[in-house]
Amino acid sequence: GTMSTVTGTLTIQAGDPYTSSVSVSLFLTSNSSAGTVTQMRLGNDGVLGAPEPFASNKLWTLAATDGVRTVNVQLIDSLGATFSTSDTITLDRTGPFGSFIVAGGATVTNSTTVPLQLTYTDANPGMTVRIQIDGGAFSAAVPYASTLNATIPAVDGAHTITVQVID
């Protein structure tokens, strides 16, 4: 019989390292040295499903547990040769968690520049921060930092500072 060698690739969500949804898109490529790749078996975390017709684009549902998720594929050609590969993505459906302290905990300041100490954590390292003063418009998002400054109006009285941390 003819020997066949199958190769291919699997890419989850265009190569993004993180997703907040269990529903992702897969992109697959395949090549067979002697036959044609006609089928594939897909699975989560090493458990493959039943064979189905090969498709280069496929909507897929990840295992619904936050953390690193693995999608596996086995490509099968018309001569029965197979090739297995996988890709990973981190499922992060939980927003950042933490708190912030205004002016080191002081309740009164005589400066319009107020230091904020942020202590937030998230599975996704690419957090950004927006600041809102007294219910106004949010500032443009800036990269997360443990210390940021807010500027309050030069008006005596209570001011509300809202911090939004985005993952």
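1. Nineteen is the count of lining residues of the largest pocket, and Thr107, Thr109, Ile152, Gly157 and His159 are the ones nearest its centre. A pocket here is an open set of points on a 1 Å grid over the protein atoms alone, where a 1.4 Å probe fits, with protein on both sides within 12 Å along at least five of seven lines; lining residues have an atom within 4 Å of a point. The lining comprises 11 nonpolar, 7 polar and 1 charged residues, with Gly counted as polar.

2. The model is predicted: local features need pLDDT of at least 70 and side-chain atom pairs pLDDT 80 or more, whereas totals for chains, interfaces and linings use all residues. Residues are numbered from 1 along each chain as its sequence is written, and side-chain values use heavy atoms, without hydrogens or water.

3. The largest nonpolar core contains 16 residues, and Leu26, Leu28, Leu42, Trp60, Val71 and Val73 have the most contacts inside it. Strands E1 (6-12), E3 (23-32), E4 (37-44) and E8 (67-77) each provide at least two of its residues; strands are DSSP runs (E, at least two residues), numbered from the N terminus. Such a core joins buried residues (under 20% relative accessible area, 1.4 Å probe, protein chains only) through side-chain atoms within 4.5 Å.

4. Another core, apart from this one, has 14 residues, including Leu116, Met127, Val129 and Ala150.

5. Gly35 is located in the loop between E3 and E4. Beyond four places in sequence, Gly35 touches Ser4, Asp77, Ser78 and Leu79 (contact: heavy atoms within 4.5 Å).

How values were computed. Buried < 20%, exposed > 50% of the residue type's maximum accessible area, 1.4 Å probe, protein only. Helix = DSSP H or I, 4+ residues; strand = E, 2+ residues; numbered from the N terminus.
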